[in-house]
Structure formats: C-alpha cells, structure tokens
Amino acid sequence: MDVLYGLTKDFVFKEAVAFLKGKRTLTSEEYKMLSDESRAKAFTVSGYTSLEVLQEFLDCLTKAAEEGTTKEQFREDMNRFLEEHGYEGINPWKCDNIFRTNMQTALNAGHYKSMTDETTMMLYHKS
C-alpha cells in the first residue's frame, strides 16, 4: 500500500488545500463576534473590510497551496489586484505575516486531519 500522507500524485497537500477552501471571508467586526470554534472556519485580514479583497487574499493563498506559489508571487498577485481596485499595495512585512500564518495553519490543519483519519488511527493501533 502506497502511503502519500495526504498528498496527491503531484505532491499537493490536499488536506491543507481543503482547509483553505473551507474558509469563509468575514470582516474583522464579524470575525470578532464569532465563537472560537467558528473562527476556525472564518478568514479575515487585518486592515481590509471589503469582502471582495478578502476573498482575493483567500483565493491567492489557496492557489499557493494548490500550485506551490511562492510568497513573492503571492505578493505580486495581491499588489496587482489591490492597485487595480484603488488600494495601496501590501508591504513585504505584512505580506510575509499573512502568507506564513495562513500557509502554516493550513499545513498544520492538514497534518492533524491526516493523523486523526480513521485509517491512520487503525494502522497506528495495529502496531
């Protein structure tokens, strides 16, 4: 049996991608009103209130997880989008924080899901 540990043939960590695809964009105000459990399924970026902009952030992060987009490409894509919509581009420090935080959270969630999967648990308990 080939064990891919949550990866597809092209090495996409499908559980991390699924985690990001399961997120829903909310404004900061809406996010603050949620319970901790609900916050795990929400997505927001400090300083942005437009749901269109927030969705673009989430879409670009999902693309990064699916296609291996770099942080630099993420920043270029977001700056292009933001400037086209009348916003100032994102600075490198904020970009780094948004990218690293969300990608690491998605990877951690994906690993957790893989490790607690019923098949994985059965294999672990057989040892």
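What is the volume of the second largest pocket? In this predicted model, in which residues are numbered from 1 along each chain as its sequence is written, local features need pLDDT of at least 70, side-chain atom pairs count only at pLDDT 80 or more, and totals for chains, interfaces and linings use all residues. Side-chain values use heavy atoms, with hydrogens and water left out.

The second largest pocket has a volume of about 330 Å³, a volume being the space filled by probe spheres set on grid points joined across faces, edges and corners. A pocket is an open set of points on a 1 Å grid over the protein atoms alone, where a 1.4 Å probe fits, with protein on both sides within 12 Å along at least five of seven lines; lining residues have an atom within 4 Å of a point. Of the 15 lining residues, F43, T44, V45, T101 and N102 are the closest to the centre. Both β2 (42–43) and α6 supply at least two residues of this lining, and the largest share, six residues, comes from α6. Helices (H or I, at least four residues) and strands (E, at least two) are DSSP runs, numbered from the N terminus. By class, the lining comprises six nonpolar, six polar and three charged residues; Ala, Val, Leu, Ile, Met, Phe, Trp, Tyr, Cys and Pro count as nonpolar, Asp, Glu, Lys and Arg as charged, and the others, Gly among them, as polar.

Helix α6 (residues 92–115) also packs against helix α4 (residues 51–67), their axes coming within 11 Å and crossing at roughly 60 degrees. This makes α4 oblique to α6. Axes are lines fitted to C-alpha atoms, for helices over the stretch in contact, and angles run from 0 to 180 degrees between N-to-C directions; those under 35 degrees count as roughly parallel, over 145 as roughly antiparallel, 65 to 115 as roughly perpendicular and the rest as oblique. Residues F57, L61, A64 and A65 of α4 meet I98, F99, N102 and M103 of α6, contact meaning heavy atoms within 4.5 Å. The contact of α4 with α6 has seven nonpolar, one polar and no charged residues.

The axes of α4 and helix α5 (residues 71–84) come within 10 Å and cross at roughly 160 degrees; the two helices are therefore roughly antiparallel. Their contact involves E52, V53, E56, F57, C60, L61 and K63 of α4 and F74, D77, M78, F81 and L82 of α5. By class, eight of these residues are nonpolar, none polar and four charged.

Helix α1 (residues 14–21) packs on α4 at an angle of about 170 degrees, with the axes 9 Å apart, which makes α1 roughly antiparallel to α4. V17, L20 and K21 of α1 contact L58, L61, T62, A65 and E66 of α4.
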